Amino acid sequence: MHEFLISLLTAVITAAIPIITTFAVKLIRSMAEDAEASADSVTVQTYIAEISSAITAAVSATNQTYVDSLKNSVSFTKEAQTEALQKSLAACIAALSPAVQSFIENVYGDITEYLTTKIEAEVHAQKLAVSTTNE
């Protein structure tokens with residue numbers, strides 16, 4: 001019975017993650033479009049678009065990693081969550097141009113803290129979406 005429940009939970013989560021990822025990507029793009037529209041400068045609009053794109057790509061890549069790991073394992077330890085966050089952060093920073101990295105540091109301060117906060121917010125939003133879907 002326990003194995004059946006684990007298999008069922010794995011199947012549900014595996015099916016839900018791509019749907020949630022699609023929703024998250026659309027949400028991030030929408031937020032970026034709103035920010036771009038309210039930005040005064042073309043340069044700032046370009047930077048905001050690049051930041052949004054990098055976060056979207058990092059979240060999508062991490063979710064794909066989760067899907068792959070779910071197929072092989074059913075445990076999400078605290079260490080695995082921390083590793084996923086670090087992978088998302090590294091992917092996001094690597095996707096940003098030096099000019100955008102400098103922009104974030106000048107406007108928001110620490111780039112790692114800024115992006116970590118954005119990524120954690122996205123993860124939280126996805127968890128809420130999963131719990132709402134499963135109710």
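Visitor: Which side chains meet in a salt bridge here?

Guide: Glu83 and Lys87 do. The N to O distance is 3.3 Å. Keep in mind that this is a predicted model.

Visitor: How many salt bridges does the structure hold?

Guide: One.

Visitor: Where do Glu83 and Lys87 lie?

Guide: Both are in helix α3, which covers residues 78–95. They are four residues apart, about one turn of the helix.

Visitor: Why would two such side chains pair?

Guide: Side chains of opposite charge can pair when their charged atoms come close.

Visitor: Is Glu83 buried, exposed or partly exposed?

Guide: Partly exposed. Its relative accessible area is 45%. That counts as partly exposed because exposed means over 50% and buried means under 20%.

Visitor: And what about Lys87?

Guide: Lys87 has 43% relative accessibility, so Lys87 is partly exposed too.

Visitor: Switching to the whole fold. How many helices and strands are there?

Guide: Five helices and zero strands. Along the sequence the pattern reads α-α-α-α-α.

Visitor: How much of the protein is buried?

Guide: Of its 135 residues, 31% count as buried.

Visitor: What about the accessible surface?

Guide: The total is about 8,400 Å². Carbon and sulfur atoms account for 60% of that.

Visitor: Last one. What share of contacts join residues at least 24 apart?

Guide: 66%, counted among contacts between residues at least 6 apart in sequence.

Notes: Residues are numbered from 1 along each chain as its sequence is written. This is a predicted model: local features need pLDDT of at least 70, side-chain atom pairs count only at pLDDT 80 or more; totals for chains, interfaces and linings use all residues. Side-chain values use heavy atoms; hydrogens and water are left out. A salt bridge is a side-chain nitrogen of Lys or Arg within 4 Å of a carboxyl oxygen of Asp or Glu. Helices (H or I, at least four residues) and strands (E, at least two) are DSSP runs, numbered from the N terminus. Buried means under 20% relative accessible area, exposed over 50%, partly exposed in between (1.4 Å probe, protein chains only). Contact means heavy atoms within 4.5 Å. Accessible areas come from the Shrake-Rupley method with a 1.4 Å probe; for residues, only the protein chains shown count as cover.
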